[in-house]
Amino acid sequence: MLLDVRDVWFQLNPFEQVNTRDKVTGELHLFGENADAVRIGTSAYNKGWLVTAYGRKTVSPYFNEPVICSGSTMGNQDAIETYLRAMVAQFDATLCKSKGCDQGFHNYLYYSGQLGKVDDETTSVGAISKLLVHEQGKGVINNLGALRTKPLKEWGMYDAEKELVLNWDGSTSPVAHQYDRDKEVNIMVKGKKKQFEQQWRLGKLNT
């Protein structure tokens, strides 16, 4: 699993949500941002990273597509290694050094088909034999940043009583990413982190 660090909150073990790891290889899981709230072409940042790296003519066909978050990726080791090599190759090819260009690389690789195609194992690339893309709020990792236009509680994605970030079906999100864009959730997480630190210092954590 490849994740941002600063704005990630684990609520459940994410690996328990993924079926039968023993015999499965080559799976790469990507996670989208909310497609109703933002598309590549409506986001100055996402459009800018792609245009800077590849040029408008190359990437304009992707402007109406949902944003796939580069800060949340998971998969089998063989697929992750193939993905990371592809990401490095994009830097080598574009020399894009702008902060955030990794998101541009990530979306370009997906939409240009260089990681294969979703649920089409005939398009496998390297060790990636199966590519899966999870819509926002419907997978192991819940990308929340695009929903900042109103509190997560109003979206139905935060249970304040239980202090849990939720998926759209009401289940607990194993991993809440970009939680700090929501004031109430950010305060909750900071409080829990403070409690954790206090318990750690006192040696009262369960191991």
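**Reading exposure, salt bridges and pockets**

Q: Where does Lys192 fall when its relative accessible area is read as a class?

A: Lys192 is partly exposed, because its relative accessible area is 29%, and the partly exposed class lies between the 20% limit for buried and the 50% limit for exposed. This reading, like every other one here, applies to a predicted model.

Q: Which residue does the side chain of Lys192 meet in a salt bridge?

A: A salt bridge is read from the distance between a side-chain nitrogen and a carboxyl oxygen, with 4 Å as the cut-off. In this case the partner is Glu163, at 3.1 Å from N to O. Glu163 sits in the loop between β7 (158-159) and β8 (164-165) while Lys192 belongs to helix α6, so the pair ties together parts that are 29 residues apart in sequence. Glu163 counts as partly exposed because its relative accessibility is 33%.

Q: How many salt bridges does a search of the whole structure find?

A: The search finds 7 of them. One of these joins the side chains of Arg6 and Asp180, at 2.3 Å from N to O, and this pair links distant parts of the chain, with Arg6 in the loop between β1 (2-3) and β2 (8-10), Asp180 in the loop between β9 (175-177) and α6 (183-202), and 174 residues separating the two. Arg6 itself counts as exposed, because its relative accessibility is 56%.

Q: Which residue does Lys153 meet in a salt bridge, and where do the two partners lie?

A: The side chain of Lys153 meets that of Glu184, at 3.2 Å from N to O. Lys153 is in helix α5 (residues 152-155) and Glu184 is in helix α6, so that distant parts of the chain, 31 residues apart, are linked by the pair. Lys153 counts as partly exposed at 45% relative accessibility, and Glu184 counts as partly exposed at 31%.

Q: What does Glu65 touch beyond its neighbours within four places in sequence?

A: Glu65 is in contact with Arg39, Ile40 and Tyr111 once those sequence neighbours are left aside. Glu65 is found in the loop between α2 (56-59) and β4 (68-75), and it counts as partly exposed because its relative accessibility is 31%. Sequence separation and spatial distance can be given together for Glu65 and Trp155, which are 90 residues apart in sequence and 22 Å apart in space, C-alpha to C-alpha.

Q: What is the volume of the second largest pocket, and which residues are closest to its centre?

A: The second largest pocket has a volume of about 280 Å³. Of the 17 residues that line this pocket, Glu33, Asn34, Ala35, Glu135 and Gln136 are the closest to its centre. Its lining comprises 8 nonpolar, 4 polar and 5 charged residues.

Terms used
Residues numbered from 1 in each chain as written. Predicted model: local features only at pLDDT ≥ 70, side-chain atom pairs only at ≥ 80, totals over all residues. Heavy atoms only, no water. Helix = DSSP H or I, 4+ residues; strand = E, 2+ residues; numbered from the N terminus. Buried < 20%, exposed > 50% of the residue type's maximum accessible area, 1.4 Å probe, protein only. Contact = heavy atoms within 4.5 Å. 1 Å grid on protein atoms, 1.4 Å probe; cavity = no way out; pocket = protein on both sides within 12 Å on 5 of 7 lines; lining within 4 Å. Points joined across faces, edges and corners; volume = space filled by probe spheres on them. Nonpolar A, V, L, I, M, F, W, Y, C, P; charged D, E, K, R; others polar.
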